[in-house]
Amino acid sequence: MILLELFWSFCKIGFTSFGGLSMVPLINSEMLSHGWMTLSEVSDIVAIAEMTPGPLGLNCATFAGTRVARLAGAVSASLGVLSPTLLICACLLYTSDAADE
């Protein structure tokens, strides 16, 4: 159940923010509201995610998922934060293919 909650939490973050530092307050509120992390732990995760190469949201999702539910949590949270982008890209691809016909 925790994997589904992680996926859904980060899916909401992916849909409602536009990347970068705009994700930090949402990640903070989700982690604190579920009791998965303390404020200090969230601050540490954001700091580590900013130092690591790659998108901030994906790095935060991976580190937070690892902290909450190990490897399965990392995969679940990462897929959650990526799924809105993948869904939008798939819809655009479908509409562009339909327009070509």
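The protein has 4 helices and 0 strands, where helices (H or I, at least four residues) and strands (E, at least two) are DSSP runs, numbered from the N terminus. Starting from that end, the order is α-α-α-α. Keep in mind that this is a predicted model, so local features need pLDDT of at least 70 and side-chain atom pairs pLDDT 80 or more, while totals for chains, interfaces and linings use all residues. Numbering starts from 1 along each chain as its sequence is written, and side-chain values use heavy atoms, with hydrogens and water left out.

Here are some overall values for the protein.

| Property | Value |
|---|---|
| C-alpha span along the principal axes | about 55 × 30 × 20 Å |
| Residues that count as buried | 34% of 101 residues |
| Accessible surface | about 6100 Å² |
| Carbon and sulfur share of that surface | 71% |

Buried means under 20% relative accessible area, exposed over 50%, and partly exposed in between (1.4 Å probe, protein chains only). The areas come from the Shrake-Rupley method with a 1.4 Å probe; for residues, only the protein chains shown count as cover. As for contacts (heavy atoms within 4.5 Å), residues 24 or more positions apart make up 52% of those with a separation of 6 or more.

Now the inside. A nonpolar core is a set of buried Ala, Val, Leu, Ile, Met, Phe, Trp, Tyr and Cys residues joined through side-chain atoms within 4.5 Å. The largest one has 19 residues, and L6, F10, I27, M31, M37 and C60 touch the most other members. Two or more residues each come from α1 (2–16), α2 (24–34), α3 (39–51) and α4 (56–100), with α4 giving the largest share, 7 residues. Take F10: beyond its neighbours within four places in sequence, F10 has contacts that include I27, M31, C60 and V81.

An α-helix has 3.6 residues a turn, so residues three or four places apart point the same way.

Just after α2, G35 has a positive phi of about 75°. R70 also has a positive phi, about 60°, although it is not a glycine. R70 is found in helix α4 and is exposed, with a relative accessible area of 65%.
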